[in-house]
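Biologist: Before I use the labels attached to this model, I would like to hear what each one rests on. Please take them in turn.

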Amino acid sequence: MKTNNRLKKLYKSGRRISCITAYDATFSNFLDNLGVDIILVGDSLGQVIKGDNSTHRVTLDDILYHSKCVKSGIKKSMLMVDLPKDTYTSNNQAYKNSSKIIHESKADFIKIELNSNNMDIARYLVSKKIPLCGHIGLLPQSIKTKKGYRKHGKTKIEADSIYKNALILDEIGTDIILLECVDESLAGSIAKQCKAPVIGIGSGNLLDGQVAVIYDLLGISFNQISSLTSAVDPSLNKVIKNFINKK
């Protein structure tokens, strides 16, 4: 509840919410010191840490390990943690694994990917007082190749579904709504309509906050998605090259 109140205060202040991933204590401490609002331990670790082509093989143990590492580097930032693929297929499983992550890593929020077929999971978790981020739009746990990374909500049917699901999440009391690769106009309409803060990645600038993978920001992601990846900071290359060439 304390963290929830902190999020609400941040949202009401009108300042844009920042959310960046980290997978270890060094990066989480670095981001914490810079004042990042939310540090996310995402199942993107499957791609950028483990070197897989997708998030699908990330396990609950993987998430727990990295969440504990990240938490040790945090003093002020809020911690959000993904539930990996196939770890929330039923109400009981979702609640058990969410509770385990919160208990063992002291996470402030649990994030799950949602569509019209599993909104009941979100409803159940909220009813059980699990602080929840509902992730809609592009769902990495449901796609198999990089071709699956596309804008969502371009057709009326898809846009109506995403909009409806966002309103359901808002109505049931979800703490945060995350939109991934959603059409910018649609994303803006959702943010305008919802009472909960709406943050996004690849969904335009009409939202209450932005999400980024740390290695994408640095331009060094393994298995990167070009549309979400920055150019490499020349200063990073310079530091490494100076070290290599030092005599």
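**Cores, burial and other labels**

Modeller: The model is predicted. The largest nonpolar core has 53 residues, and those that touch the most other members are Ile101, Ile112, Ile136 and Leu179. Helix α7 (residues 156–172) supplies the largest share of this core, 6 residues.

Biologist: Which residues does Ile101 contact, leaving aside its neighbours within four places in sequence?

Modeller: Ile101 is in contact with Leu60, Ile63, Leu64, Val81, Asp82, Leu83, Lys106, Ala107 and Ile110. Another core, of 15 residues, lies apart from the largest one; Leu40, Phe109, Ile201 and Val211 are among its members.

Biologist: What makes a group of residues a nonpolar core?

Modeller: The members are buried residues of the nonpolar kinds, joined through side-chain atoms within 4.5 Å. In soluble globular proteins, nonpolar side chains tend to be buried together.

Biologist: Why is Val41 called buried?

Modeller: Buried means under 20% relative accessible area. Val41 has 0%, so the label applies. Val41 is in strand β2 (residues 38–41). Beyond four places in sequence, Val41 touches Ala22, Ile63, His66, Ser67, Val70, Leu79, Met80, Val81 and Asp82.

Biologist: Glu113 is a glutamate; why does it count as buried?

Modeller: The relative accessibility of Glu113 is 6%, and the limit is 20%, so Glu113 counts as buried. Glu113 lies in strand β4 (residues 109–113). Setting aside neighbours within four places in sequence, Glu113 is in contact with Asp43, Tyr88, Asn118, His135, Leu139, Pro140, Gln141 and Ser142. Glu113 and Leu139 are 26 residues apart in sequence, with 6.1 Å between their C-alpha atoms.

Biologist: How do you know that Ser203 is buried, and what does its side chain reach?

Modeller: Ser203 has a relative accessible area of 0%, which is under 20%, and is therefore buried. Its side chain reaches the backbone nitrogen of Val182 at 2.9 Å. A polar contact needs N or O atoms within 3.5 Å, so this pair meets the distance limit. Ser203 lies in the loop between β7 (198–201) and β8 (209–212). Not counting residues up to four places away, Ser203 touches Lys151, Leu179, Glu180, Cys181, Val182, Glu184 and Ala187.

Biologist: Which residues of helix α8 are buried, and what do they pack against?

Modeller: In α8 (residues 184–193), the buried residues are Leu186, Ala187, Gly188, Ile190 and Ala191. They pack against α7, β6 (176–180) and β7.

Biologist: How many disulfides are there?

Modeller: The count is 0. For Cys19, the nearest cysteine sulfur is that of Cys133, 7.4 Å away. A disulfide needs the sulfur atoms within 2.5 Å, so Cys19 is in none. Cys133 is likewise in no disulfide, and its nearest cysteine sulfur is that of Cys19.

Biologist: Are these two cysteines buried or exposed?

Modeller: Both are under the 20% limit and so are buried. The relative accessible area is 1% for Cys19 and 0% for Cys133.

Biologist: Why is Asp86 called exposed, and why is Lys129?

Modeller: Exposed means over 50%. Asp86 stands at 53% relative accessibility and so counts as exposed. Lys129 has 74% and is therefore exposed.

Technical notes:
Residues are numbered from 1 along each chain as its sequence is written. This is a predicted model: local features need pLDDT of at least 70, side-chain atom pairs count only at pLDDT 80 or more; totals for chains, interfaces and linings use all residues. Side-chain values use heavy atoms; hydrogens and water are left out. Helices (H or I, at least four residues) and strands (E, at least two) are DSSP runs, numbered from the N terminus. Buried means under 20% relative accessible area, exposed over 50%, partly exposed in between (1.4 Å probe, protein chains only). A polar contact is a pair of N or O atoms within 3.5 Å; within protein, one must be able to donate a hydrogen and the other to accept it, and residues adjacent in sequence count only if both atoms are side-chain atoms. Contact means heavy atoms within 4.5 Å.
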